[in-house]
Amino acid sequence: MSSGTKLLTLSLAAILALGICLAGCTGTETPDGQAIPNETATKTAAPPEGGAVLKIATTTSLYDTGLLDMIEDTYEEKTGVDLQISSQGTGIAIELATRCDVDLLFVHSPSQEQDFLDAGYGINHRCIAYNFFQIVGPEDDPAGIAGMDPVEGFRVLYEKGTAGEPGVLFVSRGDNSGTHSKEKALWDMAGYDYETEVQGSGEWYIEAGRGMGETLVLASEKDAYTLTDEGTFLAFQTDLVLVPIIDQGDALLNRYSIMAVNPEHCPNVNIEAANNFIDWIISDEAKEMIGSFGVEDYGKALFTPLYPPECTTSPFNCTCAEPVSQA
Amino acid sequence: MNEIIQGFVEAIELIFSLNPEVIEITVRSLYVSLSATAFASIIALPAGAYIYFNEFRGKRAVINLLQTLYALPTVIVGLAVYLMISRSGPFGFLGMLHTPQGMIVAQTILIIPLITGLTVSALSGIDREMRYTIISLGSSQLQSITTILREAKFAILAAVLLGFGRAIAEVGTVMLIGGNIRGLTRVLTTTIALNTSMGNFSLSIALGIILLGVALVVNVVLNLVQRG
Amino acid sequence: MIEAQSIKKVYGEMEVLHGVELSVGEDDIMGIIGPSGSGKSTLLRILDLIEPPDSGDLSLFDVDVVEQRDRVVELRRRMGMLFQKPIVFNTSVYENVALGLKYRHVGKNEIDRSVKELLEEVGLARYLRSNVRNLSGGEQQRVSLARVLVTDPEILFLDEPTANLDPKSSETIERLVMRMNRDRGMTVVMNTHDMLQGQRVAKRIGVMIGGEILQVGTPREIFYAPHNTKIAHFVGVDNIHDGKVLRREHQITAVEVAGTTLYVGEPPPTHRDRVKVIFRGEDVTIGIGETAQTSARNVLNGTIAEISDIAPFMHVKVDCGFPVSALVTVRSAEEMEISEGKPAWVSIKASALHLIAESEEREG
């Protein structure tokens with residue numbers, strides 16, 4: 001009726017139209033290439049080739065490195081499959097997979113992966129690459145654990161922390177993420193029961209309950225030790241007072257794996273696309289790409305790809321090169 | 001402090017360079033939240049009017065419930081809707097998870113109590129004697145409601161704008177329902193969360209400024225329309 | 001036109017109307033006076049069908065409103081109400097005044113004509129397109145009146161319509177209302193606490209105290225012959241005294257008040273001998289000295305006990321064995337050199353005295 005109402009209707013219509021059209025499009029040029037990635041590949045507006053869509057759930061520490069955006073662009077251009085990657089944390093990723101909302105899991109939590117497989121929810125598990133977690137802490141290292149074996153370092157941290165030695169604090173992710181799983185495994189290896197002996201054992205043990213970046217910031221504020229993945233630490237390093245204290249040792253192994261959701265558990269799973277993707281990512285071509293990722297931004301490669309027969313033995317104990325598709 | 005200043009600078013750069021991905025994310029934010037506000041208003045305004053104009057048992061309790069729901073944590077709504085539309089949930093067959101449409105539905109649910117409750121408040125602000133005047137002028141039930149709604153339109157618009165504000169600024173719901181998938185369901189708030197998690201503070205601040213700018217524009221447009 | 005019987009209304013714990021009886025005929029201008037809190041506004045709202053009574057009978061235009069509830073909107077459209085506070089909608093003067101006509105689905109041309117005509121009547125034609133909120137209180141009230149009158153109501157209710165207004169606006173409204181009654185036969189029911197306005201405008205007056213209509217009559221009856229002391233107090237009767245009927249002589253009743261015999265020009269109200277004698281201060285003639293110069297039937301001597309100024313009048317209380325209050329103009333008081341302690345005489349005509357039966361008073 002009035003001109004005002006017309007203006008409103010037009011604006012709304014314009015926004016809606018734009019929204020619908022852009023719902024499938026994207027552009028990619030960005031300032032300094034962060035979560036608006038600096039790749040130049042353009043996603044196609046609608047997935048061609050019969051519209052194959054592959055949904056992947058992953059963890060934040062893996063996604064935040066930017067590796068998956070690169071993988072996505074490369075794979076989409078190569079095959080035309082629309083990769084839809086959601087990164088909300090290991091816990092949510094596993095829930096999404098269990099509830100049949102994604103086709104593929106790309107995570108770094110071996111114990112939880114095994115549970116998933118044992119329950120029959122997952123199949124075609126392949127390990128892809130690895131790097132090491134790090135124990136970071138204050139520069140003056142009040143607990144005196146620099147250069148120790150990681151399990152030994154944890155033992156010392158526990159003893160000194162529970163004894164109330166000044167300056168010995170530990171910040172935990174406390175959120176059932178892959179990193180948190182590794183931390184729990186380390187306590188276990190050091191001989192402590194996590195729930196009864198570590199959790200709530202004193203003011204020295206702080207449960208952050210949040211993501212890696214925020215946990216690092218908290219640890220930095222408190223001059224505390226914490227366990228972190230290398231990628232996030234490098235990304236936040238300039239804002240932190242923490243330095244790597246222990247970064248060697250098999251116990252700090254951080255293994256990244258992929259697995260498909262079992263079509264017997266979830267009939268709607270796009271198992272064909274999932275298997276195709278797994279086959280590609282275990283290919284030498286993909287592994288080479290993964291192995292060189294990070295040099296540009298961080299000065300060093302963030303991931304070491306896994307090749308047979310190394311991956312089949314300890315400490316990896318997984319399959320890394322056997323194709324899954326019959327074809 | 002540096003990050004804040006740098007954030008402002010980056011915001012201006014992003015806007016003026018018409019960065020395509022920022023535009024895509026911004027338009028999607030508007031699309032999702034404006035749609036949610038429109039749908040929620042279509043339900044909430046009549047519902048609020050109905051509650052206000054009618055006496056019924058438990059009316060007080062309903063209003064209390066609505067006002068309690070103002071504090072609905074967004075993650076809870078996100079979780080509840082997720083369990084509904086997940087593949088393994090009752091409405092999984094709709095395939096709405098990880099789509100902008102699903103995000104619209106979730107945000108609509110989130111803000112309906114807010115807009116409804118504030119509509120009731122807006123109408124309650126109408127003087128009793130004004131209601132008497134309208135009745136004594138011989139209005140029918142429908143005419144009466146229309147006149148009162150017209151008189152309360154500023155306050156009702158404020159309710160709608162607040163609903164929009166809550167929608168466009170929330171993260172919990174759109175993150176769970178949308179999945180923050182690049183090129184598909186990413187909006188301003190989830191991108192800010194992602195960048196913060198990655199340590200890109202100044203970019204987060206820049207996006208935050210853009211979000212506020214967008215909200216300002218919507219505000220101004222709706223106010224102008226209202227006057228017109 | 002309006003027949004109300006035993007109307008009761010309760011708000012929460014409080015009964016506001018205790019059983020109101022009222023009857024208003026066509027062409028009548030009924031003024032309802034009473035103290036604030038007596039339920040006048042509530043009564044008007046019930047008569048205008050804005051609120052329903054909790055019990056009682058009400059019939060408008062010979063239609064029983066309780067029985068024929070579905071005709072309520074139809075009936076409302078034959079009436080209108082003006083409230084104490086100007087209630088205006090946030091839009092133009094034109095839109096405000098046109099609202100009632102729009103509700104009645106009147107055609108645009110006719111609305112235009114009627115609105116402009118009525119705005120002329122209230123003297124606001126030049127504000128046709130202005131936003132009402134920019135007008136003064138008095139002007140807004142005139143807009144409200146125009147809005148009501150433009151729908152040509154057969155009954156007009158006014159709830160203390162000029163209580164907060166400037167004299168010009170008040171006068172415009174009074175004048176217009178009376179003219180509508182005269183020219184169009186519009187029935188008017190008006191609440192007021194301004195007794196002068198009541199006497200000016202109303203043809204009949206109803207006194208409402210404590211949720212009941214206690215007396216209905218002409219202004220003369222109300223002010224000079226109230227039925228009980230409650231009403232007497234309210235309408236400003238200064239002199240109310242206990243008395244005992246001595247005898248009846250032709251048209252005169254002799255009543256003893258505090259040892260003095262007063263002659264009242266009306267028959268006793270009942271056969272009982274206990275009565276109250278009342279008369280207004282304005283009806284008392286006063287003079288200084290001992291010798292009265294008057295032909296009035298009742299002459300008393302006494303001493304001036306108290307003087308209070310209520311400009312332009314002066315209130316003089318004379319102690320004649322019982323207090324007699326006289327109302328004189330300040331000028332007369334000055335001329336007579338009235339001052340406390342002086343001997344004075346007061347005289348009251350027999351016709352100015354009125355008797356109230358004691359048993360008529362309600363306790364509490």
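**Sheets, domains and a chain contact**

Modeller: In chain C, C:Glu256 lies opposite C:Thr261, a residue of β13(C). Strands here are DSSP runs of E with at least two residues, helices are runs of H or I with at least four residues, and both are numbered from the N terminus. Please note that this is a predicted model, in which local features need pLDDT of at least 70 and side-chain atom pairs count only at pLDDT 80 or more, while totals for chains, interfaces and linings use all residues. Residues are numbered from 1 along each chain as its sequence is written, and chains are lettered from A and ligands numbered from 1 in the order in which they are written.

Colleague: How many bridges join β12 of chain C to β13(C)?

Modeller: There are 5 bridges between β12 (residues 252-257) and β13(C), and the two strands run antiparallel. Two strands count as paired if DSSP finds at least two bridges between them.

Colleague: Which order do the strands of that open sheet have?

Modeller: The order in chain C is β13-β12-β11-β14-β20, an open sheet of 5 strands with antiparallel pairing. Its edges are β13 (260-264) and β20 (354-357) of chain C; each has a single partner strand, so one side of each lacks a neighbour in the sheet. On average, neighbouring strands are turned by 45° against each other, direction ignored. The axes are lines fitted to C-alpha atoms, for helices over the stretch in contact, and angles run from 0 to 180 degrees between N-to-C directions.

Colleague: What about the open sheet of 6 strands?

Modeller: That sheet of chain C has mixed pairing and the order β6-β7-β8-β3-β9-β10. Here β6 (79-82) and β10 (212-217) of chain C stand at the edges, each with a single partner strand, so one side of each has no neighbour in the sheet. Neighbouring strands are turned by 20° on average, direction ignored. Strand β9 (residues 204-209) pairs with β10(C) in the antiparallel sense over 5 bridges, and C:Ile205 has C:Gly217 in β10(C) as its bridge partner.

Colleague: Into which domains is chain C divided?

Modeller: Domain 1 covers 2-224 and domain 2 covers 238-360, with bounds from an automatic or database domain assignment. Their centres, taken over C-alpha atoms, are 40 Å apart.

Colleague: Changing topic, how many residues of chain B are in contact with chain C?

Modeller: In chain B, 12 residues are in contact with 18 residues of chain C; contact requires C-beta atoms, placed from the backbone, within 7 Å. On the chain B side, α6(B) gives the largest share, 6 residues.

Key:
Contact = placed C-beta atoms within 7 Å.
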